[in-house]
Amino acid sequence: MNNINLFSIKNTYKRISVYKLKKYYIVTFICLIFLTPILINLQPIYGAQNPGNLPKNALQITSGRYLFDFYDQDQWFKIDLQPGQKISIILVVPGKASLDLYLYSPDTVDGYTGLLASSENWEYMDVGGIEKIVYVTERAGFHYIRVKGLVYYARPATYELKVFVSDFRIVSVHWGEVNSKLSVAPGDSGVPLTIMVSHQVNYTITSLIASLNLKYPFSNTLGGDKTTSFYSSTVKPGEIATFTFILNVDPEAKIGNYNLTMNIEYYMVSKDGPIRAIPVEIEVNIPLLGKPNIIISANSSYLIPGGLNELLLRIENTGSGKASSFEATLTLPNGVVIVNGDNRIGIKSIAPNDVLYKKLTIHVTNNLALSNIQIAISMSYRDGYGFLQSSSRVIGFNILPSEYSIIEIQTRTSNLLPGMINKIPILIRNLGPLTINDLEIIFSPPSGLAIISGSNSLYFQKLEGFSVIESPISIYVSPSAEGSMIQLQLSISYRKPDGSTQSSIRVIGFKIAKDSSSFLKISQNISSIIPNTVSKLCITVTNTRSQPIHNLSLSIIAPSPAIIISGDKQTYSNIIQPNANTSFIVSLLVPQSFQGSSLQLQLTLTYLDEREITYTESRVIGLSIKKLISPILISLNDNILTAGIVNNLGIKITNIDVNPIYSIVITLSTPSTTISLASQNKWFIESIPAKGSITISPKIFATLDSIDKICTLQMDMSYEDSSGISYSETQIINLAIHGLIYMTIQDLEVSPSRVTPGGNFTIVGNLLNRGNTPAMYTIASARSTAPFITCVPQYIGQVDTNVITPFSITAQVDRRARNGTYPITIIITYSDNYNKTMSVTTSTSITIGTFQEQIRVTQPTTQQTLILGMTYIGLAFFTALALIIILTIIVLLKVRKSIKKTAQESVVKVLISPNRIFSMKFILGDLKYWVIFNA
């Protein structure tokens, strides 16, 4: 307790009569009596900011950063929360202490019920550490925070408590910019994704940095799994922050919604300066709904004039997204009308790969015969994002002559066997959209053929448009017709939809074989071969004749440059019974240049029948040449070169085959003049084992004018497989050329270099980009290991080359900071044109402390309260001192008037010593007095 006592009054020359001064001293002492309680109570107001020891007297706090002193008693805080808000709490535990962190619901009374979350880490006992709780609230009301633990050495232990209530709500997630939305489908690249987030908590924030954690099917422009966006403006409660990210979408992605996480770092704006908040993580739903692509086609390319045409429109969605509210309007030329409805088509939705049909009956006037017309179709629909899309299609038709026959007759075979009955399927096809009636087909066989099915005609009452009818007929071929060509004449007649009759004459040709069973059956064991590899082709010949054959010989001719190594001419002399077979083995070799193509072999079969008559048959068999799969896989350590320097490129060559390869010769060349080899360009490797790999490291120089270009590096390779067969191939390596950003920090200075608690300081310096391309999105920031130092980053933007760019980072020291020298790390982050983030760091320090020694008052309270209390002491004490001086002067003036001898000179001197002893010296004539007060 501080007291002010009257220490002494010394009369230096003579004594004043007490009765003359009595009433004035009484007045003086009465004033001192009233002032003494004031001075007595001039002490720090402890307890105003103290945490409570139970929930009922918990200290109410809001979002922010706090320093408190901990003894061995639990400390309680409360904070008002709303449902859906996320509270993040970080407790920085000092060394030689073990503190735990707990969060309770509004129902808790004594800390034994209502526990929502806790953080307890005993490993922090000696060196301090971090306790952290993140919780999303479910109900409204005061939630309670409890700090519990022990201090092992000197008390108190000062800890830092960071509490931030966040409520970031996704307002909008869409592709495109804020005012320009896009439809995005799999395979799109470099598309912007805009995420708008509202800030719903009652404090202002600034300097937001959002990081979007990517996963399949999304990636950044360089194929990475993370992208960032910066929002530097101030965001007040209820306002919106907008972040834009540039993404690529994998071509094989499936349509749907994808959940990603986004981390938001931000600063809380307070009267003491920005406070770095606890970053939060929110979940973002990314829609990938694709793009519809509507194709409309017709089932026929021609129309018949003078009648009704049944037209079937095929509406297909070949895109990757759904189309809804589809509408199509048909614009028909003059002379063409729709007779079964209007010209509008409406469909509720069309899913990807869906095909829908719209049947139309169209009448075409006779005067359009032999002309071409177009039907224009205007379409509109909404895609999966709700955007209205529109497009148009045009379908063209040929108008046939009025008397054009629309009946087509086909057979499934063109060969007839002599001396036996041949059953031939006849296909009758209506090529037009209209139904025809009373279709009759009359066959007129030539000499040597006879229709034996009972009638030489076919009759069909109705044949729908675009339909097919199959009806077999039986024809007997005379043996005398063996080896000849004959024609079967058909007379066709039918009635059109308008009642008119149409007739036409058709002819079908047939080839009569030399014998009733003269054909041998050919089969092969393989349908494809591998280039540069000897392939074994097995040709099986089956005797399908009714009599045995013998002396069967096979001759094969292969087109150049294919080679028949063996088996081009072979003979089987034994007898081959009916339905028996024999095989011939042929060895083929096809050069590598044939890969991916096909090969036709000419076969000549010669044999004798039982009458020793010679027969010859010619056949063609086909083989596909497989595309050679290279056993060599090329991979790079990095496909990005830096312009203006010599780059060490690591090229890894892997043998992915199950067999080793030998005598590998690799030659590199640079077709482009923008890059050149600065080292050897040829390598010889004896062998690469199966699944093994080797690495070559050429040095490549990229010129400055190649920045932002794509250059190619050609790799020519030759090697041998385990069979000694030589191969050669060429692979092209694409390289991207980026500019060089070489950022340096110069002239770093901290002003002032010494700051008192509660003060501000500034870190200034210059940036120099010594590279050859500008740095983008540059941010200057600083951080300190001391929790009571807060630094506000500066957004600089673009830093050009060879230009000094200044930066300035403001920082604030908390009033509760401890004296000492603390290191500060300066971080300069920037990106290149491809959003690749880089950084450069340096360090400095700041000294915290007063400029002269002061007497420190140690009380069991927090540092913040102690500083506040000392301020109150100073104000109250000097106010009381001024009142004492004024009253003393008044009293002495009264004394002077009561003294008969007029004083020639009066002097009052007030001395204040550093140890708070106040002395007043006054001279009244020959009276000299000292009044000394000790506080």
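## Asparagine 543

A polar atom of the asparagine 543 side chain sits 3.1 Å from the backbone oxygen of glutamine 547. The model is predicted. Asparagine 543 belongs to the loop between β40 (535-542) and β41 (550-557). Its relative accessible area is 1%. That is under the 20% cut-off, so asparagine 543 is buried.

Which residues does asparagine 543 touch, not counting those up to four places away in sequence? The list is Leu520, Pro548, Ile549, Ile576, Gln577, Pro578, Asn579 and Ala580.

## Overall make-up

The protein has 935 residues, and 43% of them count as buried. DSSP runs give 2 helices and 69 strands. Take the contacts in the protein with a separation of 6 or more: residues 24 or more positions apart account for 70% of these.

The accessible surface comes to about 47,100 Å². Carbon and sulfur atoms hold 51% of that surface.

## Cysteines

How many disulfides does the structure hold? The count is 0. A disulfide is a covalent bond between the sulfur atoms of two cysteines.

Cysteine 538 has 17% relative accessibility and counts as buried. Cysteine 711 is buried too, with a relative accessible area of 2%.

## Salt bridges

The whole structure contains 13 salt bridges.

Aspartate 167 and arginine 169 meet through their side chains, at 2.9 Å from N to O. Arginine 169 is partly exposed, with a relative accessible area of 42%.

Glutamate 327 pairs with arginine 344, and their closest N and O atoms are 3.0 Å apart. Glutamate 327 lies in strand β23 (residues 323-331), while arginine 344 lies in strand β25 (residues 344-350). The pair therefore ties together parts that are 17 residues apart in sequence. Glutamate 327 counts as partly exposed, at 38% relative accessibility. Arginine 344 also counts as partly exposed, at 43%.

## A salt-bridge network

The side chains of aspartate 814 and arginine 816 form a salt bridge of 2.8 Å, N to O. Aspartate 814 counts as buried, at 15% relative accessibility. Arginine 816 counts as buried as well, at 6%.

## A nonpolar surface patch

Leu150, Tyr152 and Tyr153 make a nonpolar surface patch of about 320 Å². Tyrosine 152 is located in the loop between β9 (141-151) and β10 (157-166).

How values were computed
Residues are numbered from 1 along each chain as its sequence is written. This is a predicted model: local features need pLDDT of at least 70, side-chain atom pairs count only at pLDDT 80 or more; totals for chains, interfaces and linings use all residues. Side-chain values use heavy atoms; hydrogens and water are left out. Patches are made of residues with over 30% relative accessible area and no salt bridge: like charges are joined within 9 Å, nonpolar side chains (Val, Leu, Ile, Met, Phe, Trp, Tyr) within 5 Å. Accessible areas come from the Shrake-Rupley method with a 1.4 Å probe; for residues, only the protein chains shown count as cover. A salt bridge is a side-chain nitrogen of Lys or Arg within 4 Å of a carboxyl oxygen of Asp or Glu. Helices (H or I, at least four residues) and strands (E, at least two) are DSSP runs, numbered from the N terminus. Buried means under 20% relative accessible area, exposed over 50%, partly exposed in between (1.4 Å probe, protein chains only). A polar contact is a pair of N or O atoms within 3.5 Å; within protein, one must be able to donate a hydrogen and the other to accept it, and residues adjacent in sequence count only if both atoms are side-chain atoms. Contact means heavy atoms within 4.5 Å. A disulfide is a pair of cysteine sulfur atoms within 2.5 Å.
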